[in-house]
Amino acid sequence: MKIFKGYISSRKFPNGEYVQQKLQNMVVRQFCEYLNCKYMLSDVEYIFKNNFSILDNLLKGIKNYDGIAFFSIFQLPTERDNQEYYLKKIINNNKVALFSNEKLIINSSQDINYALDLIDIYYETNKVLLNNEINFFSK
């Protein structure tokens, strides 16, 4: 049975919402169970913006697990280069990244490209909506 170490967040997500750690752990555990994987209790990232100390530590010990089970893909840094860095670090160690909330399994370079495209689409869509660049009610 594959073993995944959980990774959850104590910060707000890009949409400004905060998800309780208890709920994040439940989602990660259920996704691991769905995949018939063993779930090891999650490490929690610090609340400080742009700090990924806990994720860095998880990657140092990744040989002890088959991969990392994230709550969400939006726990990754906002910069594409850094997103790619962390995902490649996992894949290059022949491990898997699970993104429980999005139900994504990343275990190849092709999967990384797909995931990065999804993140880009999310950010670009929100940029357009926040800047009111679309007016659904114009004549």
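Buried means under 20% relative accessible area, exposed means over 50%, and partly exposed lies in between (1.4 Å probe, protein chains only). The views below show a predicted model, in which local features need pLDDT of at least 70 and side-chain atom pairs count only at pLDDT 80 or more, while totals for chains, interfaces and linings use all residues. Residues are numbered from 1 along each chain as its sequence is written, and side-chain values use heavy atoms, with hydrogens and water left out.

**View 1. Lys 88 and Glu 84 in helix H3**.
Lys 88 forms a salt bridge (a side-chain nitrogen of Lys or Arg within 4 Å of a carboxyl oxygen of Asp or Glu) with Glu 84, and their closest N and O atoms are 3.1 Å apart. Lys 88 is partly exposed at 37% relative accessible area, and Glu 84 is also partly exposed, at 23%.

**View 2. The salt bridge between Arg 80 and Asp 120**.
The side chains of Arg 80 and Asp 120 meet at 2.2 Å, N to O. This pair links distant parts of the chain, since Arg 80 belongs to helix H3 and Asp 120 to helix H4, 40 residues apart; helices are DSSP runs of H or I with at least four residues, strands are runs of E with at least two, and both are numbered from the N terminus.

Not counting residues up to four places away in sequence, Ser 9 touches Gln 21, Gln 24, Val 44, Glu 45 and Gln 75, where contact means heavy atoms within 4.5 Å.
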